[in-house]
Amino acid sequence: MKDIFSLIDFSAPSHEVAPQLIGAQFFVNGVGGIIVEVEAYDQAEPASHTFSGPSVRNASMFGPPGRAYVYRSYGIHWCLNFVCAPDGHGAGVLIRAIQPTQGLDIMRERRGVAVERLLCSGPGRVGQALDIVHAFNGRSLTQTPFKLLPAIAPVDVVHGPRIGISKAMDLPWRFCLAGSPFLSKPLSK
């Protein structure tokens with residue numbers, strides 16, 4: 001099996017990296033599954049955390065590429081982005097949903113739900129199910145506890161507008177695995 005880092009150039013623009021992540025497998029300490037939904041963000045558009053430039057909160061999103069950007073959403077959930085674009089350019093891909101394949105019992109315990117479809121169907125749920133913590137912020141995706149592997153088989157990727165934002169909603173930078181029941185919300189066009 002090829003190394004995903006030889007297949008995906010994380011220094012490319014986030015909206016080019018994002019669809020390549022659909023179908024990839026992602027694990028944290030052996031818990032995780034297949035990435036089925038992501039959203040791309042770039043410093044040139046106002047929905048991105050990097051739009052106003054570097055800060056203490058978003059510094060890791062300015063690179064280098066191939067690292068984790070972890071932030072707290074609404075003061076409750078840790079969310080995970082994969083940093084993209086050349087070093088110094090603030091961009092990333094938000095991991096919105098994963099189809100659980102390994103560590104389901106651990107995810108159920110962490111999330112307090114039994115329904116498999118609800119374990120990782122949303123960025124906050126992904127963070128909770130995979131036990132994402134702020135200490136992972138800035139860590140390389142090639143380092144423990146992360147394991148990022150290529151897709152097992154070719155996938156059909158669909159795209160549409162991002163969700164849960166109030167700016168730059170027209171950008172079709174939400175990418176999903178076609179027909180997946182594990183998405184955070186159905187894709188609208």
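In this predicted model, cysteine 79 has a relative accessibility of 2% and therefore counts as buried. Cysteine 120 is likewise buried, its relative accessible area being 1%. A disulfide is a covalent bond between the sulfur atoms of two cysteines. The structure holds zero disulfides. For cysteine 79, the nearest cysteine sulfur belongs to cysteine 120 and is 12 Å away; cysteine 120, in turn, has the sulfur of cysteine 79 as its nearest, 12 Å away, and is in no disulfide. Because a disulfide requires the two sulfur atoms to be within 2.5 Å, a separation of 12 Å leaves cysteine 79 without such a bond.

The aromatic residues come next. Five aromatic pairs are found in the structure. One of them joins phenylalanine 5 to phenylalanine 10 in a tilted arrangement, with 5.5 Å from centre to centre and 35 degrees between the planes. Phenylalanine 5 is partly exposed at a relative accessible area of 26%, whereas phenylalanine 10, at 5%, counts as buried. Phenylalanine 26 and phenylalanine 146 also form a tilted pair, because their ring centres are 5.7 Å apart and their planes meet at 35 degrees. Since phenylalanine 26 lies in strand 1 (residues 25–28) and phenylalanine 146 in strand 6 (residues 146–149), this pair ties together parts that are 120 residues apart in sequence. Phenylalanine 26 is buried at 0% relative accessible area, and phenylalanine 146 is buried at 6%.

Strand 8 pairs with strand 2 (residues 31–42) in the antiparallel sense over three bridges, and the bridge partner of valine 38 is phenylalanine 175. Strand 7 (residues 157–160) also runs antiparallel to strand 8, joined to strand 8 by four bridges; there, glycine 160 has arginine 174 as its bridge partner.

Turning to open space, the largest pocket has a volume of about 740 Å³. Its lining consists of 31 residues, of which Tyr71, Ser73, Tyr74, Arg96 and Gly164 are the closest to the centre. Two or more lining residues come from each of strand 2, strand 3 (68–73), strand 4 (77–83), strand 5 (91–102) and helix 4 (123–129). Strand 3 gives the most, with four residues.

How values were computed:
Residues numbered from 1 in each chain as written. Predicted model: local features only at pLDDT ≥ 70, side-chain atom pairs only at ≥ 80, totals over all residues. Heavy atoms only, no water. Pairing = 2+ DSSP bridges. Buried < 20%, exposed > 50% of the residue type's maximum accessible area, 1.4 Å probe, protein only. 1 Å grid on protein atoms, 1.4 Å probe; cavity = no way out; pocket = protein on both sides within 12 Å on 5 of 7 lines; lining within 4 Å. Points joined across faces, edges and corners; volume = space filled by probe spheres on them. Phe/Tyr/Trp six-rings, centres within 6.5 Å; stacked < 30°, edge-to-face > 60°.
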